[in-house]
Amino acid sequence: MGIYFRQQTEMAMPDVVIDGTLIPLLLKRPSTDAPRSDRSSRRLPLKGNAAASASASNTPSSIDGKNRLSSLRPIGQLAASAVKMRESTAEPAGTTEGDGASLTEKRAALKELLIKGCNRCPLAQHRRKFVFGAGNAGAPVVVIGEAPGREEDEQGLPFVGAAGQLLTSMLAAINLNRSDDVFITNVLKCRPPGNRNPETAEITACLPLLKRQIEIIGPRALLLLGRIAANAMFDTGDSVGKLRGKTLDYHGIPAMVIYHPAALLRNAAYKRPAWEDLQQFQKLLSTLGVYGSLRKK
Ligand code: URA
């Protein structure tokens, strides 16, 4: 008996029926990590060799290292350099992203990362589903939340509960469609018991997988939801209040921090600043030539 793998569709991959024997591996607790000898450190492997990405979730990201909070640059400057980088590639816009991988190659690399799963911290023992992320593998925007909640853990998909519905509306307000224009994921791929805050060790264990996802997708911009995502990506303890409204530089990818939709649900006072920040993010995207598929013609 096979199972229809919904996450495939969410990642804009062809529908797939997976053999029943693989189900525990794929949806529950993927088997233990590959032995060290398999963990060759490879960069984006996408040129016709998606198999090379199989060890990626264990591979220290090639974009690890100090992030550059210290190198905050004005939005225009950062956007201009990103545009320049894009112009200098020979590939026509829309067919490839990142460092030249095709959409098919990105999908294959993400799929392999998904299938590999993760067992690197004890949260894997308690989860119902591994919540890898969902959306377009070639999306111009990667949206990063904190960790799956109860509904996400049940469905194996990110942001499907109340905060997820609000996130969908927030993205739509700036013309971004959740399936086409973004890839949504979290710092942690497994639900912390009782939705407690992620622990530092869990974030450390999970971060290479997130960084690898970003490396594969090669987005034009990152949208970081809340303190946990911002702190993890920029190795800082600063609050959202301090980080919001700035364009940060994540290894050359412009990134903005906004209040987490769950915070907006708890405290209406965050709604106005969140809306201002979203508008600023939209401005950044338009500077980069990204307009979102919901834009009215
Ligand atoms: N909150 C998050 O940060 N991520 C989810 O997937 C759902 C709620």
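For the lining described first, Ala, Leu and Cys count as nonpolar and Arg counts as charged.

**Close-up 1. The largest cavity of this predicted model and its lining.**

**Close-up 2. The packing of helix H8 (residues 200–217) against helix H9 (residues 226–234).** The axes of H8 and H9 lie 11 Å apart and form an angle of about 80°, which means that H8 is roughly perpendicular to H9. On the H8 side the contact is made by Ile203, Leu207, Leu210 and Ile214, which meet Ile228, Ala232 and Met233 in H9. The contact of H8 with H9 comprises seven nonpolar residues, with no polar and no charged residues.

**Close-up 3. The largest pocket and the residues that line it.** The largest pocket, with a volume of about 640 Å³, is lined by 30 residues, and Glu146, His260, Ala262, Ala263 and Arg266 lie nearest its centre. Two or more lining residues are given by each of helix H6 (150–155), helix H7 (162–173), H9 and helix H11 (261–266), and H9 gives the most, with four residues. Divided by class, the lining of the largest pocket has 14 nonpolar, nine polar and seven charged residues.

Technical notes
Residues are numbered from 1 along each chain as its sequence is written. This is a predicted model: local features need pLDDT of at least 70, side-chain atom pairs count only at pLDDT 80 or more; totals for chains, interfaces and linings use all residues. Side-chain values use heavy atoms; hydrogens and water are left out. Axes are lines fitted to C-alpha atoms, for helices over the stretch in contact, and angles run from 0 to 180 degrees between N-to-C directions. Angles under 35 degrees count as roughly parallel, over 145 as roughly antiparallel, 65 to 115 as roughly perpendicular and the rest as oblique. Contact means heavy atoms within 4.5 Å. On a 1 Å grid over the protein atoms alone, a cavity is a set of points where a 1.4 Å probe fits but cannot get out, and a pocket is an open set with protein on both sides within 12 Å along at least five of seven lines; lining residues have an atom within 4 Å of a point. Grid points are joined across faces, edges and corners, and a volume is the space filled by probe spheres set on the points.
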